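This report is meant to be read beside the sequence and the coordinates, with the residue numbers followed on both.

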Amino acid sequence: MITIRPFEQSDEDYRQAVDIVNAVWVEYPDTVEEWKESDEKRSRATKRGRFFGQFEGQPVGFASYGQSLWINHPGKLFVSVDVLPEFRNRGIGTALWQHLCQEMQQFDPLRLLASTREDYEDGVRFANKLGFTEKMRDWESRMDPTSLNLADWSRYPQRMAEQGIEIKTVAELESDPDRDRKLYELEWLVDRDVPSPEPPSQVPFEEFQKIWERTNLIPDAWFVALDKGEYVGMTNLWSSQADANLLYVGITGVIRSYRQRGIATALKLKSVEFALAKGFGEIRTWNNTNNTGMLGINNRFGFVRQPAHIEYSKAMREERPEDANLKIVDPTQEESMAAATS
């Protein structure tokens, strides 16, 4: 018998949910601690629902929907459905999907966004069955830092020096009173040029600042390129609590007026040097399949391409004129504004 129940923020539910998702996404493990921290830091303005699919009382599937301030529209929701491999083809995934659809009706969804990996045949088949349409693909690439001969890249620090470009970590920039605001604006300039299945939104500055509270953030592995104090490029690495050998690339980018000058390569070199110095064994990154510039840089560094991750979209209704102006709004902010003006 298949039953659906909501996820409760209990230690046992966290453990069961993480176990299910890790069993499906074996190469991308998470920890209970990472999930709890993510929940604690999540914007109160965004809505979310999470559910277990149970077979004879045993949790064997996990599904969720959620809004994102990075794609700030209350009708654009991210969805996921994961079922343990040994319990597939029993209707559990379908039951979870139907329950998600019922729960999401309250938001009058415009589009649903989902993803899977191209070699996850069950996931691809399920997305197609539900009427999702492929929007884009991102190559995943992995690198062993020890494979790089640093001597072959010595010209890039010299090129930066000749151009007057400095590269510093955010830890080294802590004395700059405007550091956080400059990083915020720089990241937005970079984000706008990163391919996305939906137009990106700039998150509120207060949400951006929560980044300093993240356990997996490494201030000494967040590098910024500066030209006379102007922040013109960045790259950062994030740790994994589930795999102490692994680093993830957060974002690498340079503002448009400073491209084609070797800055992105110099930044990437700094991140690899960090990984080598600290003894990390692998760096992982993702790039849109049409992002030839960054793919070329990664290829030269020896990143090895993995199966692509597919980004899907499913239209739930026709767009209306008012959709263009809809934003996710924090009700506590609305109350504060009303109090201030009354």
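What follows describes a predicted model.

## Nonpolar cores

The largest nonpolar core comprises 53 residues, and those with the most contacts inside it are Trp-222, Val-224, Leu-247, Ile-263, Phe-274, Ile-283 and Phe-301. Once the neighbours within four places in sequence are left aside, Leu-247 is in contact with residues including Ile-218, Leu-237, Trp-238, Phe-274, Phe-280 and Ile-283, and also with Ser-239, Glu-282 and Arg-284. A second, separate core holds 40 residues, among them Phe-7, Phe-51, Met-104 and Phe-132.

Thr-169, a residue of strand E7 (residues 165-169), is buried, with a relative accessible area of 8%. Apart from residues up to four places away in sequence, Thr-169 touches Pro-219, Asp-220, Trp-222 and Phe-223; Trp-222, in turn, is one of the residues with the most contacts inside the largest core.

## Aromatic pairs and charges over rings

A pair of aromatic rings is described by the distance of the centres and the angle of the planes. There are 19 aromatic pairs in the structure, and two of them are set out below.

| Ring pair | Distance of centres | Angle of planes | Geometry |
|---|---|---|---|
| Trp-25 and Tyr-120 | 4.8 Å | 40 degrees | tilted |
| Tyr-184 and Phe-208 | 5.5 Å | 55 degrees | tilted |

Trp-25 and Tyr-120 are both buried. In the other pair, Tyr-184 comes from helix H6 (residues 179-191) and Phe-208 from helix H7 (residues 205-208), so the parts tied together are 24 residues apart in sequence. Tyr-184 and Phe-208 are likewise buried.

Ring pairs also link Phe-7, Tyr-14, Trp-35, Phe-52 and Phe-62 into a cluster.

Two arginines lie over ring faces: Arg-179 over that of Trp-212, at 4.2 Å from the ring centre, and Arg-181 over that of Phe-205, at 3.8 Å from the ring centre.

## The cavity

A search of the whole structure finds 1 cavity of 30 Å³ or more, and the largest cavity contains about 60 Å³ of space. Its lining is made of Trp-70, Tyr-184, Glu-187, Trp-188, Asp-191, Ser-201, Gln-202, Val-203 and Phe-208, with H6 giving the most, 4 residues. Both members of the ring pair Tyr-184 and Phe-208 are thus found in this lining.

Ser-115 lies in strand E5 and is partly exposed, with a relative accessible area of 42%. Leaving aside neighbours within four places in sequence, Ser-115 is in contact with Trp-25, Ile-310, Glu-311 and Tyr-312. Ser-115 and Val-79, which are 36 residues apart in sequence, have their C-alpha atoms 8.5 Å apart.

Asp-138, placed in strand E6 (residues 133-143), counts as buried at 14% relative accessibility. With neighbours within four places in sequence set aside, the contacts of Asp-138 are Trp-286, Asn-287, Asn-288, Thr-289, Ala-308, His-309 and Glu-311. Glu-311 is also a contact of Ser-115. By C-alpha atoms, Asp-138 is separated by 34 Å from Gln-58, which is 80 residues away along the chain.

Most residues other than glycine have a negative phi. Asp-108, however, has a positive phi near 45 degrees; Asp-108 is in the loop between helix H3 (92-104) and E5, and is partly exposed, with a relative accessible area of 33%. Gln-260 likewise has a positive phi, near 65 degrees, and is located in the loop between strand E10 (246-254) and helix H8 (263-278), where Gln-260 counts as exposed at 80% relative accessibility.

Notes: Residues numbered from 1 in each chain as written. Predicted model: local features only at pLDDT ≥ 70, side-chain atom pairs only at ≥ 80, totals over all residues. Heavy atoms only, no water. Core = buried A, V, L, I, M, F, W, Y, C linked by side-chain atoms within 4.5 Å. Buried < 20%, exposed > 50% of the residue type's maximum accessible area, 1.4 Å probe, protein only. Contact = heavy atoms within 4.5 Å. Phe/Tyr/Trp six-rings, centres within 6.5 Å; stacked < 30°, edge-to-face > 60°. Helix = DSSP H or I, 4+ residues; strand = E, 2+ residues; numbered from the N terminus. Lys NZ or Arg CZ within 6 Å of the ring centre and 35° of its normal. 1 Å grid on protein atoms, 1.4 Å probe; cavity = no way out; pocket = protein on both sides within 12 Å on 5 of 7 lines; lining within 4 Å. Points joined across faces, edges and corners; volume = space filled by probe spheres on them.
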